[in-house]
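Hi everyone, thanks for coming. Today I'd like to walk you through one protein model, piece by piece, so please have a look at it with me.

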Amino acid sequence: MNLTSLTAVELAKKIKAKEVTVIEATEAALLAIEKREKDVHCFVTVDEEGARKRAKEVQERVDNGKLTGPLAGVPVALKDNLCTKDLLTTCSSKMLNNFVPTYTAQAVENLEAAGAVILGKTNMDEFAMGSTTETSAYGVTRNPWNINHVPGGSSGGSCAAVAAEECFYALGSDTGGSIRQPSSFCGVVGIKPTYGTVSRYGLIAYGSSLDQIGPIAKDVTDCATVLEVISSYDKKDSTSVKREDTDFTAALVDDVKGMRIGIPRDYFGEGLDAEVKTAILDAAKKLEEKGAVVEEFDLSLVEYAIPAYYVIASAEASSNLARFDGVKYGYRTEGFEGLHNMYKKTRSEGFGAEVKRRIMLGSFVLSSGYYDAYYLKALRTKALIKQAFDRAFEKYDVILGPAAPTTAPKLGESLSDPIKMYLGDIYTISVNLAGLPGITVPCGVDSKGLPIGMQLIGDCFKEKNIIKAAYAFECTRDYRHCPLALDSDAQQERV
């Protein structure tokens with residue numbers, strides 16, 4: 001039995017049945033990391049000692065009946081912008097190259113309470129700013145399906161780690177598609193929940209009104225199970241929402257009869273790759289064959305989503321990243337004269353090019369004389385986009401479309417043209433602007449053998465609709481293991 005090919009829920013069942021120990025599962029994951037990291041570089045930090053110690057503790061609690069949940073004993077990877085007490089948390093930036101938090105993010109605490117074993121912290125675009133995981137200060141992550149291609153971003157390390165079977169599931173964060181787009185590129189499932197469902201406490205902020213933590217896994221069952229565990233009201237997060245309907249696994253039923261699914265015509269225009277379009281429409285047809293009512297409609301305002309998003313996100317980033325100044329924590333320049341010179345040199349040396357670009361853009365749109373012209377206009381556009389979705393959800397239960405206009409580009413292609421990289425977010429960012437839930441599910445591969453992902457969008461607090469539709473579609477196809485995970489040279493020891 002190849003342990004790392006199991007889903008998280010399958011592994012937990014085997015641990016509960018005493019067919020596998022938590023220690024064996026952890027060692028299998030650490031061995032996979034050791035063998036595959038040279039090819040993909042998913043991790044910034046691997047906590048071997050901590051994982052082994054934790055595995056023994058969890059095994060004892062499983063044995064004495066204190067841990068019985070559906071994720072007890074399952075090893076997990078965390079995006080490196082989630083604070084973990086006594087474990088390096090860098091946001092893949094030189095600015096935080098020595099930052100060891102004194103507290104743990106609430107979502108991670110929820111996982112630990114459920115019996116998770118943390119393997120380490122995954123690589124990401126610096127401060128979550130990017131769509132390719134190439135802006136990391138610690139080197140690029142490669143796509144396990146083809147190491148000459150990007151895994152997407154900013155949660156590229158988490159998605160690549162799940163696809164390469166270096167962990168059983170992972171957490172990412174989604175500000176403008178940072179879970180859903182790399183999930184599409186890496187052939188895994190990722191959920192961005194409704195804003196406020198998962199506490200942002202301990203998530204290092206990029207765009208506070210847009211950021212949301214979510215799960216990445218091999219299948220919809222795992223994602224729903226993880227989301228159920230990490231969702232909770234948290235008084236430490238002022239945007240956290242009290243919800244009574246977080247039993248997301250109840251939606252894992254293969255039944256979409258009568259479900260109304262809308263396909264925005266706006267999503268299928270210029271710029272969409274022909275193979276991606278075919279795969280998405282084929283997936284829609286499979287849901288229709290299962291009894292769903294599928295029809296096209298005009299969503300409107302799609303073309304305004306990108307400028308509105310980048311104005312708002314950059315404005316919030318310029319404010320949030322002002323705290324990184326070399327005074328209390330993180331990187332500080334060595335040679336400086338006076339306080340202001342120390343600020344300038346520290347930030348110039350500590351931040352990468354993409355982060356600086358967004359800070360400057362954000363500072364510009366918030367500056368006197370431009371605030372009304374850009375920032376307020378973007379906020380009004382955001383409200384109009386939310387209204388457009390509200391109108392759509394009066395008629396449809398779920399909106400179906402692509403997660404990205406293409407499959408994963410080659411390494412280096414996107415960074416040479418930042419505008420092209422920003423345009424790649426066209427299908428994902430409006431979901432964050434409107435605070436909606438979205439899920440990406442693999443729905444095929446292109447002629448180059450790269451995965452294609454379908455995105456399903458639901459109304460606020462209606463995750464169950466998208467989980468049900470995603471699960472019903474997933475039942476029509478088998479999970480495809482990426483070539484790296486199937487490579488006999490990369491296979492771990494069999495238990």
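This is a predicted model: local features need pLDDT of at least 70, side-chain atom pairs count only at pLDDT 80 or more; totals for chains, interfaces and linings use all residues.

Residues are numbered from 1 along each chain as its sequence is written, and side-chain values use heavy atoms, with hydrogens and water left out.

Let's begin with strand 4. Helices (H or I, at least four residues) and strands (E, at least two) are DSSP runs, numbered from the N terminus. How many of the residues of strand 4 are buried? The count is 6 of the 6, so strand 4 is largely enclosed by the rest of the structure. Here, buried means under 20% relative accessible area, exposed means over 50%, and partly exposed is in between, using a 1.4 Å probe and protein chains only. Tyr169, Leu171 and Ser173 point one way from the strand, while Ala170, Gly172 and Asp174 point the other way.

And who are the neighbours? Two strands pair if DSSP finds at least two bridges between them. Strand 6 runs antiparallel to strand 4, with 6 bridges between them, and Gly172 stands opposite Gly214 in strand 6.

Now find helix 4, residues 106-113. Buried residues in this helix are Gln106, Ala107, Val108, Asn110 and Leu111. An α-helix has 3.6 residues a turn, so residues three or four places apart point the same way. What covers the buried residues of helix 4? The cover includes strand 2 (75-79), strand 3 (117-122), strand 4 (169-174), strand 6 (212-217) and helix 7 (220-230), where contact means heavy atoms within 4.5 Å. After helix 4 comes Gly115, with a positive phi near 100°.

Next, charges. Side chains of opposite charge can pair when their charged atoms come close. A salt bridge is a side-chain nitrogen of Lys or Arg within 4 Å of a carboxyl oxygen of Asp or Glu, and this structure holds 19 of them. I've picked a few.

One joins Arg52 and Glu27, at 2.6 Å from N to O. That pair links distant parts of the chain, with Arg52 in helix 3 (residues 48-63) and Glu27 in helix 2 (residues 22-40), 25 residues apart. Arg52 is partly exposed at 33% relative accessible area, and Glu27 is partly exposed at 31%.

Another salt bridge connects Arg260 with Asp397, whose closest N and O atoms are 3.0 Å apart. Again distant parts of the chain are linked: Arg260 sits in strand 7 (residues 260-264) and Asp397 in the loop between helix 12 and strand 9 (398-402), 137 residues apart.

Finally, let's visit the surface. Which residues form a nonpolar patch there? They are Leu361, Phe364, Tyr370 and Tyr374, with about 350 Å² of accessible area together. Patches are made of residues with over 30% relative accessible area and no salt bridge: like charges are joined within 9 Å, nonpolar side chains (Val, Leu, Ile, Met, Phe, Trp, Tyr) within 5 Å. The areas come from the Shrake-Rupley method with a 1.4 Å probe, and for residues only the protein chains shown count as cover. Tyr374 is found in helix 12 (residues 371-395) and is partly exposed, at 38% relative accessible area.
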